[in-house]
Amino acid sequence: MAIERVREFFKQYDMEDRIIEFDVSSATVDLAAAALNCEGKRIGKTLSFHLNDDVIVILTAGDAKIDNSKYKKCFGTKAKMLAFEEAEPLTGHAVGGVCPFAVNEGVKIYLDVSIKRFETIFPACGSGNSAIELTIPEIEKYTGYPEWIDVCKGWE
């Protein structure tokens, strides 16, 4: 199970106990916000894409949407999300639990500026009923992101 991979990942930092598991689904922004009793915009939404021959994931705020022109300007190609059935084999996490931690080797992780406005956000932890509350500096530390990007709209 992917949540066990994420738990093992956070174990090296003595943070595995910070993972929250719910008795209800948190597989969408709205469900996660309800489970956490917080605003949906504070949910860390991780979207997965094909980028030429690579796979990338982008952590965005829950209220952000991919802006195709910004994406193309940033990456030089049109945004092409992974199909539902591709997510787990290519990222290591199934849809509803895709997160920027313990991804498959070779998957690049990007952070969208839409999350910078929050002190903490709640990304998933590899399952459709999990999350972890992290500060932005913690997100930077634990994702190994190469750079901040600006590819979203609707949150400004």
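Visitor: What makes Glu 39 count as partly exposed?
Guide: Glu 39 has a relative accessibility of 48%, and since buried means under 20% relative accessible area and exposed over 50%, with partly exposed in between (1.4 Å probe, protein chains only), Glu 39 is therefore partly exposed. This is a predicted model, in which local features need pLDDT of at least 70 and side-chain atom pairs count only at pLDDT 80 or more, while totals for chains, interfaces and linings use all residues. Residues are numbered from 1 along each chain as its sequence is written, and side-chain values use heavy atoms, with hydrogens and water left out.

Visitor: How do you know that Glu 39 forms a salt bridge with Lys 41?
Guide: The closest N and O atoms of Glu 39 and Lys 41 are 3.7 Å apart, and a salt bridge is a side-chain nitrogen of Lys or Arg within 4 Å of a carboxyl oxygen of Asp or Glu, so the pair qualifies. Lys 41, at 29% relative accessibility, counts as partly exposed.

Visitor: What makes Glu 138 and Arg 18 a pair that links distant parts of the chain?
Guide: Their side chains meet in a salt bridge at 2.9 Å, N to O, although Glu 138 lies in helix H5 and Arg 18 in the loop between H1 and strand S1 (20-21), 120 residues apart. Helices (H or I, at least four residues) and strands (E, at least two) are DSSP runs, numbered from the N terminus.

Visitor: Why is Glu 138 called buried, and why is Arg 18 called partly exposed?
Guide: Glu 138 has 19% relative accessibility, so it counts as buried, whereas Arg 18 is partly exposed because its relative accessible area is 34%.

Visitor: How do you know that Glu 133 and Arg 42 form a salt bridge?
Guide: Their closest N and O atoms are 3.5 Å apart, and this pair also links distant parts of the chain, with Glu 133 in the loop between strand S8 (130-131) and strand S9 (134-135) and Arg 42 in the loop between helix H2 (29-36) and S2, 91 residues apart. Elsewhere, salt bridges that share partners join Glu 4, Arg 7 and Glu 21 into one network.

Visitor: How do you know that the buried residues of H2 are on the same side of the helix?
Guide: Val 29, Ala 32, Ala 33 and Leu 36 are buried in H2. They cover an arc of only 100° around the axis, which puts them on the same side; the arc is that of the directions from the helix axis to the C-beta atoms. On the other side of H2, Asp 30 and Ala 34 are exposed, while the buried residues pack against S1, S2, strand S7 (120-123) and S8.

Visitor: What makes a set of residues a nonpolar core, and how many residues has the largest one?
Guide: A nonpolar core is a set of buried Ala, Val, Leu, Ile, Met, Phe, Trp, Tyr and Cys residues joined through side-chain atoms within 4.5 Å. The largest has 38 residues, and those with the most contacts inside it are Phe 10, Ile 58, Tyr 71, Phe 75 and Phe 101. Among the elements that give two or more residues to this core are helix H1 (2-11), strand S3 (54-61) and helix H3 (68-75). A second, separate core of 9 residues includes Ala 33, Cys 38, Ile 43 and Phe 122.

Conventions: Contact means heavy atoms within 4.5 Å.
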